[in-house]
Amino acid sequence: MENLIFSLNATVPIFFTMILGFVFRKVGLMDEEFTNKANKFVFQAALPALLFSDLSQANFRDVWNGTFVAYCALTTIICIVISILISCLWKDKSIQGEFVQGAYRSSAAILGIAFIQNIYGTSGMAPLMIIASVPIYNVMAVVVLAFLKPERERLDGTLIKKTLKGIATNPIILGILAGVIWSGCKLPCPPILIKTVDNLGKLATPLGLMAMGAAFDAKKAFGKIKPAVTATVLKLVVWCVVFLPVAVMLGFRQEELIAILVMLGSATTVSSYVMARNMGHEGVLASSIVMLTTFFSGFTLTFWLYLLRSMGMI
């Protein structure tokens, strides 16, 4: 029951914040223009600040474990490849980009640290999981969304050059690079700078969630229910079934397993919707996946936690 309450406390407020955005749109507090500007602000300012804040303050050197980092990185890549292959089965090719990132991209940075701190009292292996998976999440999301746009252009040198330039100048990528370099060089973090960046980063999740809820179209969402449910099952169940046993066989235990569990089976991050909308995608499928995975992850994560605890792994 304690695990269930903790999981619900971590996920239900996120779901309710999206509902607030939907209600605000209905009562006229948020219109289409405001929603579009909010999405742009989150994408270009708040989300890069959040990623920079998470990565720049993570102490990777003191807890470095090469095997753990390699496992997280390789598993993430495999999940992405499988998601791309499955996306090819959909007749509507315009939803491929949203489906792929929705099926693999977790709320790893925020939820990972919260889960491990709640159980062990420290962030443990969360920073290593973040450095191994989160940059890959975001870089590959930019790549996938750039190449799998709804209106495909002919693949030639001009398109590849245009896409690579877009990836290199993407605010998400720049935020990641700045955070990793800052942490790796052990640059000082003055409280004034950190608090300012943290305040900006804290806007990313609530503002992005409300903007997503305001832009949510129920009729369109139900029209894409099959790919949304498929991505949700992959995100919350399949990856854990396939890769958690591998992690156990490799000898990972305690906070290592919790970090891996969050990487594999937590809800799809709200930034997947923000990035989709800002990179030429409709965003309906992305918002549906975020809503479904957020709602059900409180129960699925609790199940996986109970299973690992009953086996003495955590």
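Why does Gln96 count as buried? Gln96 has a relative accessible area of 6%, and buried means under 20%, with exposed over 50% and partly exposed in between (1.4 Å probe, protein chains only). This is a predicted model, where local features need pLDDT of at least 70, side-chain atom pairs count only at pLDDT 80 or more, and totals for chains, interfaces and linings use all residues. Residues are numbered from 1 along each chain as its sequence is written, and side-chain values use heavy atoms, without hydrogens and water.

**Confidence**
- The protein chain has a mean pLDDT (the predictor's confidence in each residue, from 0 to 100) of 81, and 83% of its residues reach 70 or more.
- Among the chain's elements, mean pLDDT is lowest in helix α5 (residues 108-120), at 60, and highest in helix α12 (residues 225-249), at 95.
- Where pLDDT is low, predicted coordinates should not be read in detail.

**Gln96**
- Gln96 sits in helix α4 (residues 96-104); helices (H or I, at least four residues) are DSSP runs numbered from the N terminus.
- His281 is 185 residues away along the chain, yet its C-alpha lies 9.9 Å from that of Gln96.

**Helix α10**
- Helix α10 (residues 204-215) has 12 residues and spans 16 Å between its end C-alpha atoms, close to the 16 Å expected at 1.5 Å a residue, counted over one less than its number of residues.
- In α10, 9 of 12 residues are buried, including Leu207, Met210 and Met212.

**Annotated spans**
- UniProt (unreviewed entry) lists "transmembrane region" at several spans, among them 68-90 and 169-194; such annotations may be inferred rather than shown by experiment.
- Residues 68-90 are 87% helix and 0% strand, with end C-alpha atoms 34 Å apart.
- Residues 169-194 are 69% helix and 0% strand, with end C-alpha atoms 23 Å apart.

Key. Helices (H or I, at least four residues) and strands (E, at least two) are DSSP runs, numbered from the N terminus.
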